[in-house]
Amino acid sequence: MTVQESCSLIDLKDVWTTYEGASCPVIKGVSFTIKAGEFVVIGGPNGAGKTTLLEAITGLLPLVRGTVTVCGKGVPHEGTTVRCNVGYVIQNFDFHPFTPYTVEEVVRMGRYGRIGWFKRESKEDFEVAQDAMRKLGIEHLKDELIGKLSGGQQQKVLIAHNLAKKPSILLLDEPFSNLDLITRDEVSSLLCQVCDSGVPVLMVSHAFDSLPDRDIRVLVMQGGHMVLDSHSAAGNVADLIRSVPVAG
Amino acid sequence: MLEFLIPNNVLCHAVEAMFFASIGCAILSVLITQMNIASIGFTMSHAAFAGGAAGVFFGLPMMISATALSVLTALVMGPLSYRTRMHTDTTLGVLFGTMMALAIFFIALMQSTGRGFDASALLYGNVVSLYREEIYALALIMLVIILLITLFSKEITAITFHRKMAEISGIRVQPVYYLLLLLIAIMVALCLPIVGGLLLYVWLVTPAAIAYQFCATIRQMFIAAPIVAACTSVIGAFVGITYSLPVGPLTAVLFSGVFVSAVALSPKRRVKNQTY
């Protein structure tokens, strides 16, 4: 095991978090660490707090209690710095057909946080964005308006947007939800490559048939609590999650 | 500034004012429409209206009081929505009603106390009544808007595309958002004497709506909207002054006419004929 693999890139200790205006916490006392190169699937029923967990990691939500450390930075205090280095593919997006942004523009936007204030995009920024589009097979769509694409193509654009960031950690919320079976396999293989390069991948998903054939760490959430933290082969993830008794 | 082109001093001032105001408002209109904050623009234009009325009542310079109340409204919008646990649109509805009530209160009070205040200047504006300093202020804010939009083009592009994704990208959304609100507030207050509190909204939305009919990308909209707005406003000023018509309302109607024509001619409405 290399030094990089042994360091934890995400460290949650007794995390409680809530949405603004909510009366009770959505995440309750969750603790875990994620190391470089881990492929993690977060499962559990609807409303269990899976998406909220990703938002707590990215510092988008305030913490009620506990600590979140990402790449050595405290969240949410250093949330902006953390988000420059963390890819997060959101679940719900809906672009109007005439949203005035091309695919290339959207992918390049992934770099903007890293570039910083008052600076222009460099040649490298353009090249990284092109490379991300190439990896997702959407180069030919670069001049198309994002709203004109299908849901699956838009999903690929958002993944490319986050890959263009060259993230230290990649979080994905239901990344397969809009994709056809072949594209799921392609994206799954790509995520596997990302993971092999040392970048941990955390994915909220219900599409377990598309997981890459490798050792997968499975976290199961229920009612805001982490009820299972285990490892499984890709083919057994669904059974493992089903085996967790549902709390009354 | 343009006396060498337009010898008529009144017409020259009107054209200058309309030109600077329309370009500044048109650039902001692209942001307002793309960020879906049209109701914020609407509320702020009425806040400027109320601020102007309050300023006249208390004997303060109208532009300063209008700017102050517009900026104050921009600053309280976000925190008020959070504290009241209400949807932003509901909060804006309350703020809009409050601002309108304040404006009417001060206007009615001035009329009932016999202070001989003519509310029409506040309601519909009067482009020929501007002082030279006010035209310089409009030119300055227009340049500031262009400069800031250029400086923060990356951040603004990302925020107008998707605010949450911009935040996830590591962009500090809040400062940029409040900077935009501040610019809208100042622009709205400076435009109040030209087009009035009721018509100001036309300048803050319609140019982008027209540009949107023909533009595919936001970059194109940032170029087309000011051109359309400047042409329409300058024509409105020329026709209005030449034929002694109210310039503000006439230009607003012209904007609506251009919008209807743009919608009719828009390539976005056409379905491509394809042979299958």
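Select B:Phe58 to begin: at 54% relative accessibility, this residue counts as exposed, where exposed means over 50% relative accessible area, buried under 20% and partly exposed in between (1.4 Å probe, protein chains only). The model is predicted, so local features need pLDDT of at least 70 and side-chain atom pairs count only at pLDDT 80 or more, while totals for chains, interfaces and linings use all residues. Residues are numbered from 1 along each chain as its sequence is written, chains are lettered from A and ligands numbered from 1 in the order in which they are written, and side-chain values use heavy atoms, with hydrogens and water left out.

Over all chains, the whole structure holds 14 aromatic pairs; rings of Phe, Tyr and Trp (its six-membered ring) pair if their centres lie within 6.5 Å, and planes under 30 degrees apart count as stacked, over 60 as edge-to-face and the rest as tilted. The pair B:Phe58 and B:Phe106 is edge-to-face, because the ring centres are 5.6 Å apart and the planes stand at 70°. B:Phe58 belongs to helix H2 (residues 38–58) of chain B and B:Phe106 to helix H4 (residues 88–112) of chain B, so the pair ties together parts 48 residues apart in sequence. Helices (H or I, at least four residues) are DSSP runs, numbered from the N terminus.

Move to B:Tyr177 and B:Tyr178, an edge-to-face aromatic pair with 5.9 Å from centre to centre and 75° between the planes. B:Tyr177 is buried at 11% relative accessible area, whereas B:Tyr178 is partly exposed at 26%.

Now select B:Glu16 in helix H1 (residues 9–34) of chain B. B:Glu16 is buried, with a relative accessible area of 0%. Beyond neighbours within four places in sequence, B:Glu16 is in contact (heavy atoms within 4.5 Å) with B:Met1, B:Leu2, B:Glu3, B:Arg132 and B:Ile135.

Turn to B:Phe238 in helix H10 (residues 218–242) of chain B. This residue is partly exposed, at 35% relative accessibility. Together with B:Ile235, B:Val239, B:Tyr243 and B:Leu245, B:Phe238 makes a nonpolar surface patch of about 460 Å².

Finish in chain A, where A:Arg65 lies over the face of A:Trp16, at 4.6 Å from the ring centre. The criterion for a charge over a ring is NZ of Lys or CZ of Arg within 6 Å of the ring centre and within 35 degrees of the ring normal.

Note on methods:
Patch = residues over 30% accessible without salt bridge, like charges linked within 9 Å, V, L, I, M, F, W, Y side chains within 5 Å. Areas by Shrake-Rupley, 256 points an atom, 1.4 Å probe, with all protein chains shown as cover. Salt bridge = Lys/Arg side-chain N within 4 Å of Asp/Glu carboxyl O. Helix = DSSP H or I, 4+ residues; strand = E, 2+ residues; numbered from the N terminus.
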